[in-house]
Amino acid sequence: MYADDIRAYRPQNEQEETDKRIILDYVDRYPDTVLTRQNEYAHITSSGFVVNADATKVLMAHHNIYKVWAWTGGHADGDGDLLAVALREATEETGVTHVRPLSRDIASLDILPVWGHVKRGKYVAAHQHLNVSYLLTADESDALTIREGENTGVAWLPADRLTQLTNEWKMDHVYLKLLHRARVLLGLE
């Protein structure tokens with residue numbers, strides 16, 4: 001169960017300790033809606049930070065709403081298997097077919113603010129994503145495919161220039177933390 005996986009996660013810094021506590025409190029308070037967008041204040045999302053075999057590149061999609069290069073991921077939409085959500089989103093958003101987890105364990109917990117925006121002609125109020133991240137790897141030779149309505153580009157970005165290219169300073173610390181953790185799992189750091 002997703003809540004047990006979150007409880008089992010061992011925070012690696014103060015931010016993760018705090019976010020874990022808040023996420024679990026929210027899960028306990030709203031067990032019937034936390035996995036769905038019905039909960040308009042905050043809900044569970046799952047992201048995949050996808051690296052190539054030697055973590056020199058990161059697979060990113062150019063996000064339609066925010067107009068930035070971003071990791072893959074999405075809403076749980078009722079699915080408590082958050083690793084499966086991260087894998088599915090990586091495939092759907094990029095077209096890669098050979099994506100797999102570097103580890104089945106959660107790589108990071110982060111509460112991410114979402115500004116109000118219009119999606120598919122409907123206003124979505126500002127809210128929080130209670131995000132569970134996984135480290136994934138994919139085959140660079142897989143064909144990449146844009147997902148219309150979601151992104152305008154898909155590319156392997158060089159890891160050493162990642163935060164310069166993503167142009168989303170609010171996410172720099174998350175991306176750099178996950179890149180480091182991927183490299184550790186691969187025995188590169």
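Me: Is Tyr175 buried or exposed?
Reply: This is a predicted model, where local features need pLDDT of at least 70, side-chain atom pairs count only at pLDDT 80 or more, and totals for chains, interfaces and linings use all residues. Residues are numbered from 1 along each chain as its sequence is written, and side-chain values use heavy atoms, leaving out hydrogens and water. Buried means under 20% relative accessible area, exposed over 50%, and partly exposed in between (1.4 Å probe, protein chains only). Tyr175 has a relative accessible area of 0%, so Tyr175 is buried.

Me: What kind of pair do the rings of Trp71 and Tyr175 make?
Reply: Rings of Phe, Tyr and Trp (its six-membered ring) pair if their centres lie within 6.5 Å; planes under 30 degrees apart are stacked, over 60 edge-to-face, and the rest tilted. By this rule there are three aromatic pairs. For Trp71 and Tyr175, the centres are 5.6 Å apart and the planes sit at 75 degrees, so the pair is edge-to-face.

Me: How many residues apart in sequence are the parts that Trp71 and Tyr175 tie together?
Reply: Helices (H or I, at least four residues) and strands (E, at least two) are DSSP runs, numbered from the N terminus. Trp71 is in the loop between β3 (69-70) and β4 (72-75), while Tyr175 is in helix α5 (residues 172-185), so the parts tied together are apart in sequence by 104 residues.
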